[in-house]
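Subject: Structure handover, salt bridges

Hi,

Here is the structure we discussed. Please load it first, then read the notes below.

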Amino acid sequence: MEAALGLLRRMPPKQSETALSALLSLLPQHSSDLLSQVDLPLQVLRDAESRKDFILCEYNRDADSYRSPWSNKYHPPLEDALYPSSELRKLEVEANDIFAIYRDQYYEGGISSVYMWEDDNEGFVACFLIKKDGSKSGHGRRGCLEEGAWDAIHVIQVGPEEEEMAHYCLTSTIMLSLTTDDEPSGKFGLSGSIRRQMKMELAVAEGHLCNMGRMIEELEGKLRNSLDQVYFGKTREMVCTLRPPAEIVQMRLPDS
C-alpha cells in the first residue's frame, strides 16, 4: 500500500487516473484506501437548471450521481440521495458565493465549487474546489498555453465548538500540468502535485467561513511559492544550464 501511494504521488496528474485503475486491479483489497487517499484531476459538469458549471469529485458523489452546489440536485437524478442539513446547506450556499469572488480575484476565471456535510464527531467537513483551464481555448482571461490545468482541492474538518473555539484541520492538494508548443522553445511539458496540511484552533466569533477562508488563503499562498521554487525554479535552472541564452554564451566565448 505504501509503495502504491508513493508511485501515485510521482505520476503526472494526467496519468494518475490510468495508474489508479491499474493499481486497483492489482490491489483490490486496498481499493477503499486508494480511492480515499488519492486525488485525481477534477472534472466538470453543467447544471442545466442554474446554467452553471460545477466540479465533480468524491465529496459530492452518491452512487454514480453528483450533487450540484447551485441547485442542490443530483445529476443524473437519484432517489434516496444524501443531502446536507438545512443549516449546513445555508452555510454551503454562502460559501459558494464567497469562494467564487476569491476564485475570480486570485485566478481571473475558472470554476469553483464548495460542498459540506456532517461528520461523526458532531462537526462538519467542507471541501473547496477550484479548476482553472489556462489553455488558449480555456476559460482563463490570459490563457497562453497549448494545454494547461490547475486543480486545487481544500478539505477542512471542523470540530464541534467548545468554549467559543473550534479545531480546524485543512488538507490542501494542488495539481498542475501545462504544455507549451511554439517555434522558439519547441514542445515542453511540466506537471506535478503537492499536498500540505494545516491545523489551527480558532475563535468562532467571526464565523466558520472567515476562519476557513483565511486558512485556505494562507496555505494556498505557501503552495504557490513551493510550486514556483520547486517546479519552475528548478526547471529554469536546468534549462539555462543545458541551453544557456545566447547572450550568456557570447559572454563565455573567448575574445578572438
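Is Arg61 buried, partly exposed or exposed? Arg61 has 36% relative accessibility, so it counts as partly exposed. Keep in mind that this is a predicted model.

Now the salt bridges. The count comes to 10.

Glu58 and Arg61
Arg61 pairs with Glu58 in a salt bridge. The closest N and O atoms are 3.1 Å apart. Glu58 is also partly exposed, because its relative accessibility is 48%.

Asp151 and Lys131
These two form a salt bridge, with 3.0 Å between the closest N and O atoms. The pair links distant parts of the chain, 20 residues apart. Asp151 lies in strand β8 (residues 147-158). Lys131 lies in strand β7 (residues 124-133). Asp151 has 3% relative accessibility and therefore counts as buried. Lys131 has a relative accessible area of 17%, so Lys131 is buried as well. The cut-off for buried is under 20%.

Arg214 and Glu206
Their side chains meet in a salt bridge, at 2.5 Å from N to O. Arg214 is partly exposed, because its relative accessible area is 46%. Glu206 has a relative accessible area of 52%, so Glu206 is exposed. The cut-off for exposed is over 50%.

One network is also present. Salt bridges with shared partners join Glu58, Arg61 and Asp64.

Best wishes

Definitions and conventions. Residues numbered from 1 in each chain as written. Predicted model: local features only at pLDDT ≥ 70, side-chain atom pairs only at ≥ 80, totals over all residues. Heavy atoms only, no water. Salt bridge = Lys/Arg side-chain N within 4 Å of Asp/Glu carboxyl O. Buried < 20%, exposed > 50% of the residue type's maximum accessible area, 1.4 Å probe, protein only. Helix = DSSP H or I, 4+ residues; strand = E, 2+ residues; numbered from the N terminus.
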